[in-house]
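Okay, thanks everyone for coming.

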Amino acid sequence: MFENKDPLRITETLLRDGHQSLAATRMRTSDMVPMLEQLDEIGYFSIEAWGGATFDTCLRFLNEDPWERLRMLKKHLKKTPIQMLLRGQNVLGYSHYADDVVMEFVKRAVDNGVGVLRIFDALNDVRNMEVAIKTAKQAGAHVQGAFVYTISPFHNEQTFLAVAKDLVSLGCDSICIKDMAGLLAPYNAYNLVKVLKANISVPIHIHTHYTSGMASMTYLKAIEAGVDIVDCSLSPFAMGSSQPATEAIVAALEGNERDTGINKEQLYPLADYFRNVKRELEKTFKLNTAIEIDTKVLKFQIPGGMLSNLLNQMKEQGMADKFPELIAEMPRVRAELGYPPLVTPTSQIVGSMAAFNVMLGRYKVIPEEVKNLVRGKYGRTPAPIDRSIRKLILGDEPTIDHRPADDISPQLENSRQELAAKSYSNVSTEDILSYTLFPEVALKFLEANR
Ligand code: CO
């Protein structure tokens with residue numbers, strides 16, 4: 001039945017995407033520490049525990065130093081590599097940073113304990129990933145190049161394969177299909193994995209979300225097609241808008257040629273513990289972790305969380321009745337802006353443009369980020385931007401077609417001086433990086449922890 005007869009490997013996402021998807025990223029280091037040694041014994045390919053939204057949330061809402069969290073994780077995870085999610089030239093922020101920031105950040109991440117870096121770019125523009133990939137390789141980490149999966153007339157197996165090949169030629173140790181909105185249907189996953197496996201020699205990893213309800217089926221077909229690694233979360237932080245449950249995938253393959261080798265009995269006490277953590281977080285942070293499956297995401301490509309945020313924003317503006325128009329406007333704006341995949345930060349860019357169009361008239365008021373996307377400052381869009389729309393947005397202003405970060409001068413020394421001027425002269429390089437990515441939030445954190 002299987003061409004690939006290797007055991008299926010699992011990345012446990014509980015400590016990053018699991019609680020980011022279901023619990024607003026509020027899991028605290030103290031919730032994690034008691035179970036780290038047990039997690040380390042399971043035999044995972046990696047444990048995703050850093051990057052994505054965790055960095056910002058640590059500083060902003062939990063009064064925790066994300067670097068300190070990383071060191072604490074590393075102290076207890078001695079065998080299993082810690083995995084992080086990095087947005088290429090955006091690092092963990094929302095705009096492009098200078099190369100010195102990207103390089104220093106990646107070096108410090110590896111120094112402090114990250115073993116696997118999953119690196120992606122919202123537009124699949126490999127030029128925005130190159131510096132991070134090369135630095136992480138030099139630092140000795142496992143570098144996983146990810147492309148974001150999306151559906152449009154300009155995306156197909158061959159365009160995804162082309163991106164994957166570029167990533168391999170840059171030295172990536174594995175390739176990840178990053179399906180951040182749960183759009184990848186089972187048979188499409190089968191075909192895509194087949195194409196990748198036939199043309200690429202490094203391991204193929206798949207990441208999806210349960211948002212549309214298809215995720216377990218998608219994994220099963222990807223496994224049949226030979227995928228090497230899948231992302232799962234222990235059940236308390238699985239499904240809904242998160243990943244399939246680790247226990248279920250392990251059980252599904254038990255005794256089969258692709259048996260994960262993981263003993264599911266060892267997972268149960270972990271699941272019990274984290275079920276209590278979830279209840280605690282729900283109470284402390286007043287969270288709703290019971291997120292329902294919503295297959296409408298397939299039509300709009302807007303993750304459920306974002307839909308409800310947009311609806312709330314429109315309610316605040318007294319324009320809730322225009323919500324159906326907004327839903328129709330999103331795909332139109334996306335097409336006009338060159339079919340960017342909808343993932344941070346492009347999802348917010350397209351979302352805010354669509355909201356402005358509906359509330360104020362089409363392209364009457366244009367947010368700066370939208371202008372920057374059209375200027376080419378996020379990189380190349382998958383399809384050319386509609387000419388008349390570009391004119392509406394930028395007039396005769398020129399656009400760039402080189403790598404956006406080529407225009408950004410080094411930033412770290414500036415950050416260091418700014419901090420020194422605020423009488424923080426003995427800060428670590430890690431603090432300077434935190435400040436560069438999230439100036440206000442980091443300052444508040446430094447002040448509170450002087
Ligand atoms: Co995800």
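**Charges, rings and a metal site**

Let's start with a side-chain contact: the charged end of Arg 26 sits over the ring of Phe 61, 4.0 Å from the ring centre. Lys 178 does likewise with Phe 120, its charged end sitting over the ring at 4.7 Å from the centre. By "over a ring" I mean NZ of Lys or CZ of Arg within 6 Å of the ring centre and within 35 degrees of the ring normal.

Quick housekeeping. This is a predicted model, so local features need pLDDT of at least 70 and side-chain atom pairs count only at pLDDT 80 or more, while totals for chains, interfaces and linings use all residues. Residues are numbered from 1 along each chain as its sequence is written, and side-chain values use heavy atoms, with hydrogens and water left out.

Staying with rings, how many aromatic pairs does a search of the whole structure find? It finds 12. A pair here means rings of Phe, Tyr or Trp (the six-membered ring for Trp) with centres within 6.5 Å. Ring pairs also link up into a cluster made of Trp 50, Phe 55, Trp 67, Tyr 94, Phe 105 and Phe 438.

Now the metal. Which residues are the protein donors of the cobalt ion? They are Asp 17 through OD, and His 207 and His 209 through NE2, lying 2.1 Å from the ion. Donors are N, O and S atoms within 2.8 Å of the metal (3.2 Å for Na, K and Ca), and water is not among the atoms, so a site may look incomplete. Along the sequence, the donor spacing reads D-x189-H-x1-H. That brings together distant parts of the chain: Asp 17 is in helix α1 (residues 14-22), His 209 is in the loop between β7 (204-207) and α10 (215-224), and the two are 192 residues apart. Helices (H or I, at least four residues) and strands (E, at least two) are DSSP runs, numbered from the N terminus. Are Asp 17 and His 209 buried or exposed? Both are buried, where buried means under 20% relative accessible area, exposed means over 50%, and partly exposed is in between, with a 1.4 Å probe and protein chains only.

Over to another loop. Gly 88 is found between β3 (82-86) and α6 (99-112), and Gly 88 is buried, with a relative accessible area of 0%. Gly 88 and Asn 128 are 40 residues apart in sequence, yet their C-alphas are 5.8 Å apart in space.

Next, a helix. Helix α12 (residues 267-285) has 19 residues and reaches 26 Å from first C-alpha to last, close to the 27 Å expected at 1.5 Å a residue. That expected span is 1.5 Å times one less than the number of residues. Buried residues in α12 are Leu 267, Leu 270, Ala 271, Phe 274, Val 277, Lys 278 and Leu 281. Looking down the axis of α12, the buried residues fall within an arc of 120°, so they line one face of the helix. The arc is that of the directions from the helix axis to the C-beta atoms. As background, an α-helix has 3.6 residues a turn, so residues three or four places apart point the same way.

Most residues other than glycine have a negative phi, and most peptide bonds are trans. Here, the peptide bond from Thr 344 to Pro 345 is cis, with omega near 0°. Pro 345 is in the loop between α15 (323-336) and α16 (346-360). Tyr 339 is found in the loop between α15 and α16 too, and has a positive phi of about 55° although it is not a glycine. Asn 124 also has a positive phi of about 55° without being a glycine. The place of Asn 124 is the loop between β4 (114-119) and α7 (130-138), and Asn 124 counts as buried at 11% relative accessibility.

Last, the overall layout. The chain is divided into domain 1 (9-285), domain 2 (302-405) and domain 3 (411-448), with bounds from an automatic or database domain assignment. How far apart do the C-alpha centres of domain 2 and domain 3 lie? They lie 32 Å apart. Asp 407 is in the loop between α18 (387-394) and α19 (412-421), and is partly exposed at 47% relative accessible area.

How values were computed. Phe/Tyr/Trp six-rings, centres within 6.5 Å; stacked < 30°, edge-to-face > 60°.
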